[in-house]
Amino acid sequence: MKVLHWITMMIFLTLFGSFTADQKSPIPSVDVKSLDGKIINTSSFQNDGNPIIISFWATWCKPCIQELTTISEVYPEWQEETGVKLIAISVDNSRTSNAVLPLVNGKAWDYEVYLDENSDFKRAMGVNVVPHTFLVNGKGEIVWQHTSFTEGSELELIALVRKLKNGEEIPSH
Amino acid sequence: MKYILRFSLLLFFLQSFFFNLSAQLLGGGEVHGSFQTDGQLYQKDSVIGAESIAEKVAFNSFFEMRYINKNFEAGMRYELFMPPMQGYDVRWKGAGFANKYVRYNGEKLEVTAGNFYEQFGSGMILRSYQEWNLGFDNALNGVRVKYKLKGLTITGLVAKQRFYWDLGPGTIRGVDAQVSLNEVIDKLKDKKTRIGLGGSFVSRYQTDQDPLYVLPENVGAFAGRFEIYRAAFNMKFEASGKINDPNASNNMIYKNGNAALLELGYSKKGFGMTLQAARADNMDFRSNRASSGFDLPISYIPAMTAQHAYSLAAMYPYASQANGQMGLQANIFYKIKKGKTLGGKYGTNININYALSQSIYKQAINDSTYIGQNGTLGYETDLFKIGEDRYYSDFNIKVQRKLSKKWDVSLMFMNVFYNMLINEGHQEADVHANIGIADIWWKYKPFNSLHFEIQELVTQQDQGNWSSVMIEYNRKGLFAAVIALYNQGISGQSDPVLYPSVTTGYTQGANRFSLSYGKQREGILCVGGVCRAVPAANGFSITINSSF
């Protein structure tokens with residue numbers, strides 16, 4: 001068994017070594033649930049060639065709520081200027097997921113929100129702590145990611161969205 | 001030495017072989033992954049009962065990688081607990097590739113072999129999941145097939161469950177179907193009402209070697225669910241049952257189990273609410289009937305209570321009782337619009353939450369049998385009768401208002417009742433506590449903020465009153481926080497204890513590094529722009545997190 005472990009590890013190291021780190025990748029294909037019960041595959045996320053922000057959050061995560069509340073105040077202007085769409089992925093499990101819909105409406109957020117109750121999409125995206133935010137370019141490729149939200153994070157985010165909108169390259173971190 | 005050399009050569013050849021293989025056969029694809037390391041240097045402290053450990057330093061660490069190429073995916077996770085940090089089960093001790101899988105992810109068909117996670121419905125009869133920071137993983141190890149048609153997903157699986165570095169003894173077989181009626185029936189396609197249906201069956205096989213009892217070797221559990229959405233309204237109902245399954249958690253009774261959950265919601269822009277009612281009776285279902293605690297659960301019946309992110313609000317959390325509980329929960333979110341008298345310049349957010357959990361009604365089956373007697377049918381019950389014992393209640397209200405561009409204030413009040421015997425398993429006075437919290441942000445210039453958090457918990461029971469003060473500074477990715485947690489104790493019973501700690505760190509992209517020193521209670525910690533569960537600690541601790 002030990003040998004098998006080594007071999008599998010080698011396969012991975014080799015594969016890892018043979019691809020460049022700054023490679024752009026599509027959104028993985030996982031099923032999530034919309035707030036009106038529709039099953040949606042994440043690989044179908046699209047925004048007519050405009051950038052997409054994917055934000056992982058939870059109802060019990062204070063910085064996540066801060067991030068989404070802060071952005072909601074400027075979201076109409078962001079959309080008008082760049083055509084960006086924010087997709088908020090709740091990682092609440094079935095204990096707290098019942099609070100997602102009333103919270104989203106209670107706070108009058110205008111985002112596309114999906115439930116990822118058993119963390120399938122969270123795992124597929126390698127998210128370990130929330131909030132964790134990804135930027136997807138107009139071609140549907142993930143080009144940037146960031147964890148945590150602090151004062152001013154939203155300004156850095158929109159600056160990158162503007163670059164994407166203008167077709168500029170952005171650093172992966 | 002010779003052996004090592006040969007081995008390295010072999011590895012080198014293997015590596016080049018796979019390099020070519022990957023380049024030619026697979027033709028591209030991507031690799032992604034993440035890792036986390038937590039290290040803790042322990043210092044002895046007799047006051048808070050912290051022990052120093054023989055190894056002095058403990059590490060919990062994982063490294064996870066996924067390879068995706070079109071429809072093909074493979075992944076693995078290496079884990080290391082050397083030794084596990086305090087607060088984690090000692091059976092985690094060790095290291096190795098704990099999670100490995102290969103997957104074909106086609107348009108209609110998805111096949112996974114190896115380790116995987118799955119949840120049927122809300123998880124009432126099957127949920128496998130992982131919570132790294134809580135030291136929980138009941139991954140399934142076997143084969144899963146999903147077949148997807150328009151509006152219909154059928155899932156079938158055969159597996160054993162992960163049990164630390166081993167597998168549980170029981171074999172789990174499960175099947176689930178999820179239907180979206182609006183997509184399946186053309187007539188309903190454009191209707192405003194959306195209806196979803198689902199059903200599942202799960203069976204556990206475990207040999208009976210009991211010297212005393214004749215036990216069912218195959219235990220079946222079944223569940224059905226229904227959900228309907230129309231404009232601002234929604235309703236969900238889910239019910240499940242399980243055949244007799246004498247086990248360690250129910251004191252070997254032969255009673256069947258059942259559970260039900262009803263949820264009603266109404267929400268529109270600016271206002272949202274949900275009401276829930278749930279009941280569970282003898283529904284503890286595991287892949288080893290001798291297990292208890294956090295070991296090998298198949299069913300997931302969560303606590304129907306709020307999950308709090310402030311340390312003192314989270315001090316007395318409810319422990320869900322899958323073998324008998326009846327609960328209610330109401331959750332209301334409301335935004336007072338800006339410009340109104342109470343709304344302020346930016347609007348005011350209000351959240352009111354109430355949760356109650358009671359015992360279920362139980363009656364002896366006859367005069368010569370006591371309630372819950374082993375080897376019998378246990379007890380008789382009534383679906384709609386509430387038991388006399390209160391297990392838990394939580395009333396809390398949160399008000400948040402942005403006062404100006406620079407100031408943001410949240411206030412919270414909470415009243416909690418906590419049954420000691422049910423939640424902690426020992427005979428002590430039940431806890432009645434009131435908690436007040438003020439959470440203030442001062443964004444004094446762009447990219448810079450100061451955060452003040454003041455919490456007070458007042459109770460006459462358990463360890464008495466607690467106070468907590470935190471000051472946190474954030475500047476772009478950099479953060480630093482000082483936390484002072486103080487327990488007054490109860491005069492004549494326990495002495496006051498201070499838990500001081502400092503924590504600092506830096507985040508860049510999806511990489512994060514943090515360092516703490518001091519005494520810390522276990523619980524949820526939200527600093528530096530993220531929230532995570534942390535173990536009790538005394539001394540230095542370090543955390544590194546990265547995703548790529």
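## Working through chains A and B

Of the 173 residues in chain A, 52% are buried (a residue is buried if 20 or more other C-beta atoms, placed from the backbone, lie within 10 Å of its own, exposed if 12 or fewer, and partly exposed in between). Keep in mind that this is a predicted model, where local features need pLDDT of at least 70, side-chain atom pairs count only at pLDDT 80 or more, and totals for chains, interfaces and linings use all residues. Residues are numbered from 1 along each chain as its sequence is written, and chains are lettered from A and ligands numbered from 1 in the order in which they are written.

**Exercise 1.** Work out which elements chain A has, and in what order they run.

*Solution.* Start with the tally: chain A has five helices and eight strands. These are DSSP runs (helices H or I, at least four residues; strands E, at least two), numbered from the N terminus. Then walk along from the N terminus, and you get α-β-β-β-β-α-β-α-β-α-β-β-α.

**Exercise 2.** Describe the side of chain B that touches chain A.

*Solution.* First, count the partners: 74 residues of chain B are in contact with 56 residues of chain A (contact means that C-beta atoms, placed from the backbone, lie within 7 Å). Next, look for the main contributor on the chain B side: helix H1 (residues 2–26) of chain B gives the largest share, seven residues. Last, sort that side by type: 29 residues are nonpolar, 32 polar and 13 charged. Here Ala, Val, Leu, Ile, Met, Phe, Trp, Tyr, Cys and Pro count as nonpolar, Asp, Glu, Lys and Arg as charged, and the others, Gly among them, as polar.

**Exercise 3.** Find the pairing partners of strand S14 (residues 233–242) of chain B, then sort its side chains by face.

*Solution.* Strands pair if DSSP finds at least two bridges between them. Step one: strand S13 (residues 218–230) of chain B runs antiparallel to S14(B), with ten bridges, and Phe226(B) sits opposite Phe237(B). The two strands make a hairpin with two residues between them, and Ala231(B) in the turn has a positive phi of about 45°.

Step two: S14(B) also pairs antiparallel with strand S15 (residues 257–268) of chain B, over ten bridges. Glu238(B) has Leu261(B) as its bridge partner there.

Step three: in a regular strand the side chains alternate between the two faces of the sheet. In S14(B), Asn234(B), Lys236(B), Glu238(B), Ser240(B) and Lys242(B) point to one face and are buried.

Technical notes
Contact = placed C-beta atoms within 7 Å.
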